[in-house]
Amino acid sequence: MSVYDTLKERGFIEQCTHEDEIRAILENEQAAFYIGFDATADSLHVGHFIQIMVMKHMQNAGHIPIALLGGGTTMVGDPSGRTDMRKMLTPEDIAHNTKKFEAMFAKYIDFSNGNAIMANNADWLLDLNYIDFLRDIGPYFSVNRMLAADAYKSRMAEGLTFLEFNYMIMQAYDFYVLHEKHNCKIQLGGSDQWSNIIAGVELIRRKKSQDAYGMTFTLLVNSEGNKMGKTASGAVWLDPEKTSPYELYQYWRNVGDSEVENCLALLTFIPMEEVRELGSLEGEMINAAKERLAFEVTKLVHGQESAEAAQKTAKDIFGLTGESSDMPSATLDAGIIGSDVASLLVACGLASSKSEARRLIEQGGIRINSEKAADPAQIVQPKDFEQGYAILQKGKRVFIRALLKA
């Protein structure tokens, strides 16, 4: 089976500019391809892991991934799918974030002996001569077509800035440069990048009269169509300092029953026959599939040892011992004593607001040291911390150890 067929079978592929040609290239050539990653934070997150999995499948099939860090494009900010303008980061922050990304990619992709390429578009974007760039690239872009692109639609209502309007041209130019430098023939990206990818394909085809191709893959969404990878406390990160291996494990352990098969297909290397078997389990048996999903993803992200430790922590907690040192913790000011339980939940990150905390308590979803919290106005007592900490539980499978500052 070719890597194209593998990606298709596992549900990655959303759209292609030239399906037959792309399939032929991936079956008969060693192709260089690229995926871009803007450095908007100091860690990759779960949403990026789909892209990493695509790169791994492609590299395992003998193709050459180019991980393009957006040291230049992050200075502008991608407007795709947004209703507001992205926060502008300082050059120092962007440089810091790209360094972090470099280290993280090295965990997942083999960059030795030319097997993959790490590039940074700051190397060619930051020193461009504006007039020369406009004269060289500008004639190949129609403003009318750009304004009709999905990448800009959601920003039009609030007012698309000229800064953001340049993003599509910059991304297209990235593809052009990588085509020149590394014979990169294919740009890959999430389905929200379709308009930007087409712009790069057309720039190369019109300006160089050479072949270029684009392919998008599915975004990771739940059964309601919402992007996965968010919790009440924020994004699910791949950096263990930001999201612990246990928290990552628990995130995947808690996915909906209907999402298990899709997540196993996209986020693991488990053979598809077994993926379908696991996804078909029902009732209590589906929990075994969720545990397998959680273990395999945590192993890929953090390694076998961390995955085993996270799995053990989960079993310890759900065995009601509550003693695992790997349990997520929050250190609180001693002033939390005497406040209401709703405030305690917000302080620990188990609720984003007091209104959400009150709703969780009223629905019976909160326990403190195994005792159900029945009243949002219940006062936090010193006895709740008599072991030196309090174990807070939200629902069946979210636990946190609350500590008091010394």
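Contact means heavy atoms within 4.5 Å. Axes are lines fitted to C-alpha atoms, for helices over the stretch in contact, and angles run from 0 to 180 degrees between N-to-C directions. Helices (H or I, at least four residues) and strands (E, at least two) are DSSP runs, numbered from the N terminus.

This is a predicted model, in which local features need pLDDT of at least 70 and side-chain atom pairs count only at pLDDT 80 or more, while totals for chains, interfaces and linings use all residues. Residues are numbered from 1 along each chain as its sequence is written, and side-chain values use heavy atoms, leaving out hydrogens and water.

Select helix H17, residues 341–348. H17 lies across S9, S10 (366–368), S12 (389–394) and S13, and runs at about 115° to S9.

Next, show the open sheet of five strands, ordered S9-S13-S12-S10-S11 with mixed pairing. Its edge strands are S9 (329–332) and S11 (371–372), each pairing on one side only. Two strands pair if DSSP finds at least two bridges between them; S9 and S13 (residues 398–404) have four, in the parallel sense. Leu-332 stands opposite Leu-404 in S13.

Now go to helix H10, residues 167–182. Of its 16 residues, 13 are buried (under 20% relative accessible area, with exposed over 50% and partly exposed in between; 1.4 Å probe, protein chains only). After H10 comes Asn-183, with a positive phi near 55°.

Finally, select Gln-187 in strand S5 (residues 184–190). Gln-187 counts as buried because its relative accessibility is 2%. Residues that Gln-187 touches, not counting those up to four places away in sequence, include Tyr-34, Phe-175 and Tyr-213.

Key
Expected span 1.5 Å × (residues − 1).
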